[in-house]
Amino acid sequence: MTAAQADLARARSDFPDHRDNPANSRKLRLERPEVKDGAACWRIARDSKTLDLNSSYSYLLWCRDFAGTSVVARLDDGGADAEPVGFITGYIRPERPRTLLIWQVAVDESQRGRGLAGAMLDELTSRVAHRDGLTTLETTISPDNKASQRLFTSFAERHGASVDREVLFAADQFPDGGHEPEVLYHIGPLSF
């Protein structure tokens, strides 16, 4: 078992139950999204108050067309219709087929602070790596988003990868104004 695999196993064991609240002891499952998850992903993104909210239509399409490069976390209530409490959307870059770009990461407020975002990221990248030979992860993060900066730098540390940063889109490139620059985080090489 590699250090990254051990960290993933530890991350998964860190969030499955609420020991301080037995009434809320359902397990979390990490799965590929389905079209029916699009509405919940849109709601989680909206309620985050930090993500750029895309149209509800785009979340439905994402759960259909990019399910293989995305993940949802569900509270397991024993039924098949458990609603997502977190998600990550991503896609393989067309010109770089071994690079996964992470578009959005969101966790419902009720599940924050338990390592769920890191566990979802590890699950997703492991799945994509084994299927597509993933070697690089990319994402963009605005300078004020400290939580995302910690998430992706700790991911790089767990996987023994370096992080290169550069401004991908300057603030003045956004036509609607008032947007911070988007800094590209290029993480790799990854080993799984």
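Modeller: Helices (H or I, at least four residues) and strands (E, at least two) are DSSP runs, numbered from the N terminus. On that basis the protein chain reads α-β-α-α-β-β-β-α-β-α-β-β along the sequence, with five helices and seven strands. The model is predicted, so local features need pLDDT of at least 70 and side-chain atom pairs count only at pLDDT 80 or more, while totals for chains, interfaces and linings use all residues. Residues are numbered from 1 along each chain as its sequence is written, and side-chain values use heavy atoms, with hydrogens and water left out.

The part I would pick is helix H3, residues 56–65. Its buried residues (under 20% relative accessible area; exposed is over 50%, partly exposed in between, with a 1.4 Å probe and protein chains only) are Tyr59, Trp62 and Cys63. Seen down the helix axis, these residues fall within an arc of 95 degrees (taken from the directions from the axis to the C-beta atoms), so they line one face of H3. An α-helix has 3.6 residues a turn, so residues three or four places apart point the same way. The face of H3 turned away from the buried side carries Tyr57 and Arg64, both exposed. Cover for the buried residues of H3 comes from elements including helix H2 (38–48), strand E3 (84–93) and strand E4 (96–107), where contact means heavy atoms within 4.5 Å.

Helix H4, residues 116–132, has 13 of its 17 residues buried, so the rest of the structure largely encloses H4. From first C-alpha to last, H4 reaches 24 Å, close to the expected 24 Å, which is 1.5 Å times one less than its number of residues. After H4 comes Gly133, with a positive phi near 70 degrees. Strand E7, residues 182–188, has six of its seven residues buried, so it too is largely enclosed by the rest of the structure. Strands pair if DSSP finds at least two bridges between them. E7 runs antiparallel to E5 (136–141), with five bridges, and antiparallel to E6 (162–169), with seven. Val183 of E7 is the bridge partner of Ile141, and Glu182 of E7 stands opposite Phe169.

Over the whole chain of 192 residues, 44% are buried. Of the contacts with a separation of 6 or more, 65% link residues 24 or more positions apart.
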